[in-house]
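Student: I would like to go through this structure and ask what stands behind each label. Please set the values against the cut-offs as we go.

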Amino acid sequence: MRVIISAGGTGGHIYPALAIVDKIKEREPNSEFLYIGTHNRMEKDIVPKRGIPFKTIEIYGFQRKHLFKNFKTLKCFLKGIQEAKHLIKEFKPDIVIGVGGYVTGPVIYAAKKLGYPTFIHEQNSVPGKANLFLSKYTDKIGVSFKTTLKHFPEYKTIFTGNPCSEAAKNSKQSDKTKYGLSKDKKLIYIVMGSLGSSKMNDILVKTMNLFQNKEYEILFVTGKDSYETVSKNKFPKNVFIVPYIENQIEMMHNADIMITRCGATTLSEIIALKIPSILIPSPYVPDNHQYKNAMDFIKQDAAVLIEEKDLKGDILVRTVDTMIRDTERLKQMRKNLSTLDIPSSATTIYETLKEMVK
């Protein structure tokens, strides 16, 4: 199979795209790929390391607050369509896939206009603007949440789950001692998305001293941009900080409790690995979609929700202490996570793509 795949901006789009690539490679080892991403975001560093041919398009999102900047955005979009058409004609794919981010707009639009089969995947419970736009120009749409089905045309939309969940199930457990952690102590794993969160880091830095002398350890992932600032602070001996973990899913195997934002990919991995979690949705994302992502967990009593505005005093420490000592509740949470599990998401997507190519 010859595949063009496009996704950009954050790990929440990039890693599901790579999970789809890995599944196609598993089923059809001789497949060839071209990844089209943005010129200035995470994918330019992540994708080439995987040995996947990589091309870029300059593209930006539309901005409500700075309307004059949208002229440049529109110009880049129109130019991006022409660039995408050139790349598509040159590569001659069997199918073109979009997995989220603004870069998928010109790529999928161009592919459809050229007559190539197209598939897009939406990870969040509330679709992004790019996918809503592309829903008119794509042949098939995969979604991670059943609640998302209502946002797209019924005849072309399928419930696939998030492809990262299947990759998570097949992942290995990393050795946590390489980060200085103890083999025999319970681990609270804190990560605020692939890019980190400066606002949450400010809150968490103040909270870390309250974890002093606890019977468990904390691994706090700050994000690369914030690490230098955060690392200047003094932390208790049971608190360990790192800027970024390349294979996060391998570290997640070690977590007894995870404290995290509510990006769809991270949530799919939490489901796959059955990790009890404290969810802190970002209030700064479009349509408050992280809160809506989290509500699927809360309705099943599969996680604890704390909104950022409520992170005052020692509420986070008290919540962790209560959870880590209540083994029956943790056991029930893991059981409840099983009700949300989609065991073969990447396989479902592959089989859909294969049928489309036929």
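Student: Which residues are linked in a network of salt bridges?

Tutor: This is a predicted model. In it, Lys-23, Glu-26, Arg-27 and Glu-166 are linked in such a network. The structure holds 19 salt bridges.

Student: What makes the contact of Lys-23 and Glu-166 a salt bridge?

Tutor: The N to O distance between their side chains is 2.8 Å. The cut-off is 4 Å between a side-chain nitrogen of Lys or Arg and a carboxyl oxygen of Asp or Glu, so the pair qualifies.

Student: Why is Lys-23 called buried? And why is Glu-166 called buried?

Tutor: Buried means under 20% relative accessible area. Lys-23 has 6% relative accessibility, so Lys-23 counts as buried. Glu-166 has a relative accessible area of 9%, and therefore Glu-166 is buried too.

Student: How do you know that Lys-199 forms a salt bridge with Glu-308?

Tutor: Their closest N and O atoms are 3.4 Å apart, and the limit is 4 Å. This pair also links distant parts of the chain, 109 residues apart: Lys-199 is in helix 7 (residues 198-208), while Glu-308 is in the loop between strand 13 (304-305) and helix 12 (315-325).

Student: What is buried in helix 7?

Tutor: The buried residues are Met-200, Asn-201, Ile-203, Leu-204, Val-205, Thr-207 and Met-208. They pack against strand 8, strand 9 (217-221), helix 8 (224-230), strand 10 (239-242) and helix 12.

Student: What makes Lys-274 and Asp-341 a salt bridge?

Tutor: The closest N and O atoms of the two are 3.3 Å apart, within the 4 Å limit. Lys-274 lies in the loop between helix 10 (264-273) and strand 12 (277-279), and Asp-341 in the loop between helix 13 (327-338) and helix 14 (345-357), so the pair ties together parts 67 residues apart in sequence. Both Lys-274 and Asp-341 are buried.

Student: Why is helix 1 called roughly perpendicular to helix 14?

Tutor: Their axes come within 9 Å and cross at roughly 70 degrees. Angles of 65 to 115 degrees count as roughly perpendicular, so helix 1 is roughly perpendicular to helix 14. The crossing is right-handed.

Student: Which residues of helix 1 and helix 14 meet?

Tutor: Ala-19, Ile-20, Lys-23, Ile-24 and Arg-27 in helix 1 meet Ala-346, Thr-347, Ile-349, Tyr-350, Glu-351 and Leu-353 in helix 14. By class, this contact has seven nonpolar, one polar and three charged residues.

Student: What makes helix 10 roughly parallel to helix 11?

Tutor: Helix 10 and helix 11 (residues 289-299) pack at about 20 degrees, with their axes 10 Å apart. Angles under 35 degrees count as roughly parallel, so the label applies to helix 10 and helix 11. Their crossing is right-handed. On the helix 10 side the contact is made by Ala-264, Leu-267, Ile-270 and Ile-271, and on the helix 11 side by Asn-293, Ala-294 and Phe-297. Six of these residues are nonpolar, one is polar and none is charged.

Student: Why is Ser-174 called buried?

Tutor: Its relative accessibility is 12%, under the 20% cut-off, so Ser-174 counts as buried. Ser-174 is in the loop between helix 6 and strand 8 (187-191). Neighbours within four places in sequence aside, Ser-174 is in contact with Glu-250, Met-251 and Asn-254.

Student: Why is Asn-213 called exposed, and why is Asn-288 called partly exposed?

Tutor: Asn-213 has a relative accessible area of 72%, over the 50% cut-off, so Asn-213 is exposed. Asn-288 has 33%, between 20% and 50%, and is therefore partly exposed. Asn-213 lies in the loop between helix 7 and strand 9, Asn-288 in the loop between strand 12 and helix 11.

Student: What is the phi of Asn-213, and what is the phi of Asn-288?

Tutor: Asn-213 has a positive phi of about 65 degrees, although Asn-213 is not a glycine. For Asn-288, also a residue other than glycine, phi is positive and near 50 degrees. Most residues other than glycine have a negative phi.

Technical notes:
Residues are numbered from 1 along each chain as its sequence is written. This is a predicted model: local features need pLDDT of at least 70, side-chain atom pairs count only at pLDDT 80 or more; totals for chains, interfaces and linings use all residues. Side-chain values use heavy atoms; hydrogens and water are left out. Buried means under 20% relative accessible area, exposed over 50%, partly exposed in between (1.4 Å probe, protein chains only). Helices (H or I, at least four residues) and strands (E, at least two) are DSSP runs, numbered from the N terminus. Axes are lines fitted to C-alpha atoms, for helices over the stretch in contact, and angles run from 0 to 180 degrees between N-to-C directions. Angles under 35 degrees count as roughly parallel, over 145 as roughly antiparallel, 65 to 115 as roughly perpendicular and the rest as oblique. A crossing is left-handed if the near helix is turned anticlockwise from the far one by less than a right angle, and right-handed if clockwise. Contact means heavy atoms within 4.5 Å. Ala, Val, Leu, Ile, Met, Phe, Trp, Tyr, Cys and Pro count as nonpolar, Asp, Glu, Lys and Arg as charged, and the others, Gly among them, as polar.
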